Number of protein chains: 2
Amino acid sequence: MSTHEAPSSADTLSYSQAGVNYDLIDPLKISAQRAAAATGAHLGAHGFTEVLASRGESAYVVDVGPFYIASIVECLGTKTLVADEMRELTGKSYYDSIAQDTIAMAVNDLITVGATPLVVQAYWAAGGSDWFADKQRAQSLVEGWKRACDTCQVAWGGGETPALAGIVEAGRIDLAASCTGLINPKERLSVGDKLGAGDAIVLLASSGIHANGLSLARKLVERLPQGYLTEITPGLTYGDALLAPTTLYSPVTEALFKAGILPHYCANITGHGWRKLLRHQAQFTYRIHSVPPVTPVLRFMQEQAKQDDREAYSTLNMGAGFAIFVKAEDAARTVEVAKACGIDAMIAGQLEEGPKQLLIEPLNIRFSDDDLQLR
Amino acid sequence: MSTHEAPSSADTLSYSQAGVNYDLIDPLKISAQRAAAATGAHLGAHGFTEVLASRGESAYVVDVGPFYIASIVECLGTKTLVADEMRELTGKSYYDSIAQDTIAMAVNDLITVGATPLVVQAYWAAGGSDWFADKQRAQSLVEGWKRACDTCQVAWGGGETPALAGIVEAGRIDLAASCTGLINPKERLSVGDKLGAGDAIVLLASSGIHANGLSLARKLVERLPQGYLTEITPGLTYGDALLAPTTLYSPVTEALFKAGILPHYCANITGHGWRKLLRHQAQFTYRIHSVPPVTPVLRFMQEQAKQDDREAYSTLNMGAGFAIFVKAEDAARTVEVAKACGIDAMIAGQLEEGPKQLLIEPLNIRFSDDDLQLR
């Protein structure tokens, strides 16, 4: 079960202040994880086995013999609330971007285990049938969904479009995506057992906030006299910048395989910001010597929320949307492959023997294992 | 994309009166289906192909060589609103039953194509973190989810527990499940091409309303002076009867395979009631000579809503939760296998050459293809 938490400090605006209390979710999460773990043995009845190391990873993996199957369901979160507000202000729909965000939440997690995404299912639960009566918006959602499937070369298998008056708020929609993929050949499995000292950390650029940190982003709007229409750079409003669609990273992981590069591990940098680099339970020191440029909207949020770098990097992606851990000799080519896919990338650091910690040297930040309780 | 519709007539309470307007959803559905169909070709880039006949079926199927993979995402719907009301009245949680309902929505659809369900992912989107603070209810949801996984011998792979204030209503939860399975061996694929005149229709008993028709069920409560506490049979309240968990049918389909029986087709009888028997596009006359006993809660709803049999059978499952179409010589054993799994079953009729129609002879009902526009 994936959740997101963020630390709070005295004078800043943190996640819990923005309305998400993870203390209340966590006991359930632990209970659910235990119950779920106990069901893995059922696969034996069908002649298969779970990949135990995938428990706690971003996607669940089953060994079915000739290859592994990975599956996942992921929620978009509250980014639609920004789209809905911006639509009232600008008349644009934004749901093509929102569709890409939703698929990215599933696809970018699924590929961390080495899977090729094959099928996406759409979960569009509206507050009432009338949500779908707005043809511009509905069509925009369909078109964006298809375009994201095209980018990732996945088949859109189908889905659900329930109208849930009384559960989903009137005029709102709860968006999620499930994704199924194959790890084929099986050597592509990357659940962290190949991680080793000396491995390089390659960071892929983000397009903006992606779909994590939106509760904070919405809270900050209350402090801005011009709200979402505040310009963060000339000609670019805060609202438009927030709604840049999440980068889809599966073209990169597929291209890496074709280039003969097998990542040792991957981390989708989402709700825990850079603490996600510590995701795997192995004991290494992750030393960062170079940080990518910070996307303007994230820098703006950091300033408005009066967060120091440590808080900002612990919550937001700060310009790095996805991390790929590869053999040192593959690092430069990994960067080239990503750039050839149109996604900026850089060698940001390396793994070393040592206590489990993330050292972001240019910013004098240290995160330890205590800062990330994901499992 | 799956939706549900129901016909309306003058003096009765129908779905559209109960707040679901499918006319508004359908144009989007058609647009989404077209866009989704155009993405199937992407599988070729990975060396695979879609099973075209699964488009429009209850689960999407991909041919990956040694076997087929089936996947699906399904929403529970609004049954939680009944559980929430009943909890206030009785103090019981009911979320163990609700968990089973949610898994049943996915599993009972997935098995129609011949798949063995392998992995379920949980989608629990709450209106706020505080939903999870109610430990009795949260624990009940976890326990019910696990028990349903145990019954179906599926692995609970993980899931999402987002808190979506502003999208999901405060105090409510939007529940869904995704499911991935294998059709293995490939001869188990049942997308309707094996259907033939002479095939028997075996109906498996439902436990009650399952998870379709709840909008109508909730609307009827307004007419009952004692509401959900109205006794429909001595000692059984309307609310408790509605909350009987949906029967899980995968133990039957798995047992059938072990018994050497390969169904030609299956239909999960959900939102369209018995019209779902006409689901496949092939031209046959489906002649029903015997109908199963009607579950008391469904008979009660029919009476309260003043529906004639035609309307009731077009909306509710009326005692039959799942239909299995098998070779005539396999019919009696199919019934035996289901009963050995603890699920009542009967040979209800057969397929004949003729115009596409469903004839429920004991009740003098005829449904034609025009009565079911599912694709």
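This is a predicted model: local features need pLDDT of at least 70, side-chain atom pairs count only at pLDDT 80 or more; totals for chains, interfaces and linings use all residues.

Biologist: Is B:Asn108 buried or exposed?

Modeller: B:Asn108 has a relative accessible area of 1%. Residues under 20% count as buried, so B:Asn108 is buried.

Biologist: Which residues does B:Asn108 touch, leaving out those up to four places away in sequence?

Modeller: B:Asn108 touches B:Thr246, B:Thr247, B:Leu248, B:Tyr249 and B:Ser250, and also B:Asn268 and B:Phe322.

Biologist: And how far is B:Asn108 from B:Glu169?

Modeller: Their C-alpha atoms are separated by 28 Å, and the two residues are 61 places apart along the chain.

Biologist: Let us stay with helix 3 of chain B. At what angle does it cross helix 4 of chain B?

Modeller: The two axes cross at roughly 40 degrees and come within 7 Å. That angle makes helix 3 of chain B oblique to helix 4 of chain B. The crossing of helix 3 of chain B past helix 4 of chain B is right-handed.

Biologist: Which residues meet there, between helix 3 and helix 4 of chain B?

Modeller: From helix 3 of chain B, the residues include B:Tyr95, B:Ala99, B:Ile103 and B:Val107. From helix 4 of chain B, they include B:Leu141, B:Gly144, B:Trp145 and B:Ala148.

Biologist: Now chain A. How do helix 3 and helix 4 of chain A pack?

Modeller: Helix 3 of chain A and helix 4 of chain A, which spans residues 135-152, pack at an angle of about 40 degrees, and their axes are 7 Å apart. They are therefore oblique to each other. Helix 3 of chain A passes helix 4 of chain A in a right-handed crossing. Among the residues that meet are A:Asp96, A:Gln100 and A:Thr102 in helix 3, with A:Arg137, A:Ser140 and A:Cys149 in helix 4.

Biologist: What domains does UniProt list for chain A?

Modeller: An unreviewed UniProt entry gives a "PurM-like N-terminal" domain at residues 56-183 of chain A. That span is 36% helix and 31% strand, and its end C-alpha atoms lie 18 Å apart. UniProt, again in an unreviewed entry, places a "PurM-like C-terminal" domain at residues 197-356 of chain A. Residues 197-356 are 30% helix and 21% strand, with the end C-alpha atoms 12 Å apart.

Biologist: Let us look at helix 10 of chain A. Which of its residues are buried?

Modeller: In helix 10 of chain A, residues 331-340, the buried residues are A:Ala331, A:Thr334, A:Val335, A:Val337 and A:Ala338. They cover an arc of only 165 degrees around the axis, so they sit on the same side of helix 10 of chain A.

Biologist: What is on the face turned away from that buried side?

Modeller: That face of helix 10 of chain A carries the exposed residues A:Glu336 and A:Ala340.

Biologist: And what covers the buried residues of helix 10 of chain A?

Modeller: The cover includes strand 7, helix 7, strand 12 and strand 13 of chain A.

Biologist: How does helix 7 of chain A pack against helix 10 of chain A?

Modeller: Helix 7 and helix 10 of chain A pack at an angle of about 130 degrees, with their axes 9 Å apart. They are therefore oblique to each other, and their crossing is right-handed. A:Val252, A:Ala255 and A:Leu256 in helix 7 of chain A meet A:Thr334, A:Val337 and A:Ala338 in helix 10 of chain A.

Biologist: Which residue follows helix 10 of chain A with a positive phi?

Modeller: A:Gly342 follows helix 10 of chain A, and its phi is near 85 degrees. Helix 8 of chain A, in turn, is followed by A:Lys306, which has a positive phi near 55 degrees.

Biologist: Which residues of helix 8 of chain A are buried, and what covers them?

Modeller: A:Val297, A:Leu298, A:Phe300, A:Met301 and A:Gln302 are buried in helix 8 of chain A, residues 296-304. What covers them includes helix 5, strand 8, helix 6 and helix 9 of chain A.

Biologist: One last topic. Where does A:Pro362 lie?

Modeller: A:Pro362 lies in the loop between strand 14 and strand 15 of chain A. A:Pro362 is partly exposed, with a relative accessible area of 44%.

Biologist: What does A:Pro362 contact, apart from neighbours within four places in sequence?

Modeller: A:Pro362 is in contact with A:Ile288, A:His289, A:Ser290 and A:Val291. The C-alpha atoms of A:Pro362 and A:His289 are separated by 6.3 Å, although these residues are 73 places apart along the chain.

Note on methods:
Residues are numbered from 1 along each chain as its sequence is written. Chains are lettered from A and ligands numbered from 1 in the order in which they are written. Side-chain values use heavy atoms; hydrogens and water are left out. UniProt positions are given in the numbering used here, feature names are shortened, and annotations may be inferred rather than shown by experiment. Helices (H or I, at least four residues) and strands (E, at least two) are DSSP runs, numbered from the N terminus. Buried means under 20% relative accessible area, exposed over 50%, partly exposed in between (1.4 Å probe, protein chains only). The arc is that of the directions from the helix axis to the C-beta atoms. Contact means heavy atoms within 4.5 Å. Axes are lines fitted to C-alpha atoms, for helices over the stretch in contact, and angles run from 0 to 180 degrees between N-to-C directions. Angles under 35 degrees count as roughly parallel, over 145 as roughly antiparallel, 65 to 115 as roughly perpendicular and the rest as oblique. A crossing is left-handed if the near helix is turned anticlockwise from the far one by less than a right angle, and right-handed if clockwise.
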